[in-house]
Amino acid sequence: MVRLLGPQDRLLTTLERQYPLVEVHVRGNDITISGEPDQVADAQRLVEELLQMVRNGQELTPVEVSSSARILERDRGGVGPAELLSQAILTARGKSIRPKTMGQKQYVDAIDHNTIVFGIGPAGTGKTYLAMAKAVQALQRKEVNRIILTRPAVEAGERLGYLPGTLTDKIDPYLRPLYDALNEMMDPEIVPKLLAAGTIEVAPLAYMRGRTLNDSFIVLDEAQNTTPEQMKMFLTRLGFNSKMVVTGDITQVDLPMGISGLQVVSRILDRVDNIHFATLTSDDVVRHTLVGRIVDAYTKYDQEQMAKRQRDDAARGAGGGQVSERDRRYRASRR
């Protein structure tokens with residue numbers, strides 16, 4: 001019961017928030033649900049699914065409760081969340097890494113069934129984390145001989161200028177998130193040995209030119225900061241018995257000018273067989289609940305700004321005015 005309700009009944013509060021017309025009372029090991037009949041039935045089924053997840057050894061968080069409620073609402077009579085979300089990708093340092101939302105489950109399944117997968121979505125949706133978990137799983141199962149992790153070395157809206165140290169010292173700050181994720185998924189004492197042996201390689205995207213990557217699981221992170229030319233270069237590095245996952249958030253482009261390669265590639269490769277585009281949304285955010293609301297607020301703001309620009313362009317067009325170069329670049333970046 002403690003695992004079901006969470007500390008300070010946090011999960012119970014989340015359940016009541018999902019079904020506002022329902023009252024849930026807990027006494028000992030008994031749960032009583034009362035209120036509007038349809039919502040009572042939905043809440044009962046959700047509690048049963050959560051109980052099964054607890055019996056399966058899964059640690060519940062508010063994310064799992066909310067996600068399970070959405071799964072039950074969208075797929076009545078189908079496979080329940082206890083079955084959909086119970087399969088762990090790997091267990092590392094006493095913690096199971098598994099998809100926590102339906103969108104994440106579809107993303108992980110796409111990685112299993114396709115050679116190249118694009119994971120596109122806002123911050124906190126687990127795009128890179130799940131891709132790296134699948135890469136570690138593939139290495140442990142000896143499905144590949146090495147893991148290659150890469151990302152473009154682009155600052156987030158700042159210019160850091162000259163950085164002291166060797167070339168590795170200059171590049172490491174950009175690649176630090178990838179090292180952090182590796183240390184969470186593997187024994188930190190083993191990671192340096194695998195890096196030294198070349199079994200795991202973490203490198204900036206600029207180092208990929210001219211290579212053919214065979215028997216590898218390759219992850220490109222922060223792909224929204226690639227140019228179209230860089231994206232083409234990276235995708236054509238694919239060798240035999242290899243798999244690629246490309247992740248990024250097209251709403252957070254840090255390129256100083258020009259169009260993101262991640263925005264262009266979906267129009268070029270959308271219909272190519274064995275390439276899958278997985279789109280994650282604010283429903284798949286597994287960080288603090290505020291992150292999902294922040295993503296939604298910024299999405300609404302961007303839509304309002306786009307609509308305003310279109311109205312201004314239409315007004316200038318009616319008056320015979322010319323569209324500025326700045327407006328043309330903005331519209332191109334949002335396509």
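Tutor: Start with a term. A cavity is a set of points on a 1 Å grid, over the protein atoms alone, where a 1.4 Å probe fits but cannot get out. Its lining residues have an atom within 4 Å of a point. Grid points are joined across faces, edges and corners, and a volume is the space filled by probe spheres set on the points.

Next, the ground rules. This is a predicted model, in which local features need pLDDT of at least 70, side-chain atom pairs count only at pLDDT 80 or more, and totals for chains, interfaces and linings use all residues. Residues are numbered from 1 along each chain as its sequence is written, and side-chain values use heavy atoms, with hydrogens and water left out.

Now look inside. The count is one cavity of 30 Å³ or more. The largest cavity holds about 80 Å³ of space. Find Leu4, Leu5, Leu11, Leu12, Leu15, Val24, Ile31, Val47 and Leu50: they line this cavity. (Helices are DSSP runs of H or I, at least four residues, numbered from the N terminus.) The top contributor is α2, with three residues. By class, the lining has nine nonpolar, no polar and no charged residues. Here Ala, Val, Leu, Ile, Met, Phe, Trp, Tyr, Cys and Pro count as nonpolar, Asp, Glu, Lys and Arg as charged, and the others, Gly among them, as polar.

Helix α3 covers residues 37-55 and helix α4 residues 62-74. Their axes (lines fitted to C-alpha atoms over the stretch in contact, with angles from 0 to 180 degrees between N-to-C directions) come within 10 Å and cross at roughly 125°. The two are therefore oblique to each other. Oblique covers what is left after under 35 degrees (roughly parallel), over 145 (roughly antiparallel) and 65 to 115 (roughly perpendicular). The crossing of α3 past α4 is right-handed, meaning that the near helix is turned clockwise from the far one by less than a right angle. Contact means heavy atoms within 4.5 Å. These residues divide into six nonpolar, one polar and three charged.

The crossing of α10 past α11 is right-handed. Pro228, Met231 and Leu235 of α10 touch Gly261, Leu262, Val264, Val265 and Leu269 of α11. This contact has seven nonpolar, one polar and no charged residues.

Technical notes. On a 1 Å grid over the protein atoms alone, a cavity is a set of points where a 1.4 Å probe fits but cannot get out, and a pocket is an open set with protein on both sides within 12 Å along at least five of seven lines; lining residues have an atom within 4 Å of a point.
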